Amino acid sequence: MKKNNLPFPKNLIEASDLNKNHLEQLFEKAKYFEENFKQGIKFPDLQGITIATVFFEPSTRTRLSFELAAKRLSADVLNFTASASSLTKGESLADTIRTIDAMHVNMYVIRNKFSGVPQFATQITNKTIINAGDGKHEHPTQALLDAYTILKHYGKFDGLKICIIGDILHSRVARSNITMLQNLGAVVKLMAPGTLLPRCLNCWNLEIIDNINEAVEWSDALILLRLQRERMSSGLLPSLEEYVKFYQVGLENFIQNDKLILLHPGPVNYGIEIDFRISKLHNYLVNQQVTNGVFTRMAILSLLFEASK
Ligand code: NCD
């Protein structure tokens with residue numbers, strides 16, 4: 001029987017904008033792009049469309065991945081970098097968006113250090129907005145590529161056990177992943193020092209693991225997070241050494257469960273959240289996440305554009 005495909009929302013601001021049916025359509029589309037990809041050949045989906053990547057915060061993976069995804073779909077791409085713009089001359093965020101809008105841009109990919117900026121942008125322009133990370137709020141396309149990577153490895157989500165370890169308090173990646181992975185049927189647990197967990201912990205109703213060996217034993221997949229010190233006020237950690245001692249995934253931990261896979265959104269700080277030697281192992285999927293990021297972003301750009309027509 002053919003599934004009833006639900007229309008996509010116009011904007012992607014948070015993981016809850018996508019229900020399970022949308023996610024299944026996205027994974028199918030990403031798989032199509034992955035299977036039919038040939039270097040140098042472009043898909044026609046976004047022919048004649050202009051996409052602006054508007055980044056007010058540093059980025060390597062997300063920015064390049066969106067740019068490449070848009071180009072592989074035949075779009076034109078404008079890259080806006082805050083530090084090289086008229087924002088430094090006092091122009092407002094709203095005027096910046098209005099200026100880009102006047103150039104007939106069709107879609108925006110926005111990153112900002114403040115939570116809520118992509119949502120705010122939907123009030124300035126009626127074009128499609130995709131959130132590429134806002135403060136510690138959400139980063140839905142990171143969750144999408146994480147989920148796709150896990151699906152490719154395990155072929156299912158139902159009952160899959162996933163533990164997110166690290167600085168959950170400041171992590172937009174954790175927030176999007178918790179919503180999306182649970183929505184897909186996975187069981188999510190968290191592991192972090194109490195000072196790096198949000199006070200609203202019980203609103204997620206997730207179990208906390210407080211021992212790295214237990215996390216490794218229990219999990220099918222670990223998602224590690226960086227200590228996001230740029231968003232951290234002092235005094236949240238007694239010392240870095242203590243964090244490393246209790247929360248770092250070491251080589252011994254990792255090989256203790258040989259079916260375990262390890263994901264990390266990057267940037268990785270080796271020697272802090274993870275032992276460098278793990279990066280050489282086949283079930284360390286960080287580079288696969290990057291590759292999958294381009295295909296999943298192609299899928300989201302294509303399906304959101306279809307929906308906005
Ligand atoms: C993350 C981000 O910027 O939110 N990285 C990413 O987008 N790949 C995570 C982080 O900065 O630690």
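Let me start with the shell around the ligand: its residues divide into three nonpolar, five polar and three charged. Before going on, note that this is a predicted model.

Here are the names. The residues around the ligand are T62, R111, H139, Q142, R172, V173, R226, Q228, P265, G266 and P267. If you look for this site on the screen, the ligand takes up the space of the largest pocket.

Now the contacts, taken by ligand atom. R172 has a polar side-chain atom 2.6 Å from an oxygen atom of the ligand. For H139, a polar side-chain atom again lies 2.8 Å from a ligand oxygen atom. With P265 the backbone is involved: a backbone N or O atom of P265 is 2.9 Å from a nitrogen atom of the ligand. How much of the ligand does the protein bury? On its own the ligand exposes 310 Å², and the protein buries 93% of that.

Where is S302? S302 is placed in helix 11, which covers residues 286–308. Is S302 buried or exposed? S302 counts as buried, because its relative accessibility is 3% and the cut-off for buried is under 20%. The side chain of S302 also has a partner: it makes a polar contact with the side chain of D45, at 2.8 Å.

Note on methods:
Residues are numbered from 1 along each chain as its sequence is written. This is a predicted model: local features need pLDDT of at least 70, side-chain atom pairs count only at pLDDT 80 or more; totals for chains, interfaces and linings use all residues. Side-chain values use heavy atoms; hydrogens and water are left out. A residue is near a molecule or strand if one of its heavy atoms lies within 4 Å of it. A polar contact is a pair of N or O atoms within 3.5 Å; within protein, one must be able to donate a hydrogen and the other to accept it, and residues adjacent in sequence count only if both atoms are side-chain atoms. Accessible areas come from the Shrake-Rupley method with a 1.4 Å probe; for residues, only the protein chains shown count as cover. On a 1 Å grid over the protein atoms alone, a cavity is a set of points where a 1.4 Å probe fits but cannot get out, and a pocket is an open set with protein on both sides within 12 Å along at least five of seven lines; lining residues have an atom within 4 Å of a point. A molecule sits in a cavity or pocket if more than half of its atoms lie within 2 Å of its grid points. Ala, Val, Leu, Ile, Met, Phe, Trp, Tyr, Cys and Pro count as nonpolar, Asp, Glu, Lys and Arg as charged, and the others, Gly among them, as polar. Helices (H or I, at least four residues) and strands (E, at least two) are DSSP runs, numbered from the N terminus. Buried means under 20% relative accessible area, exposed over 50%, partly exposed in between (1.4 Å probe, protein chains only).
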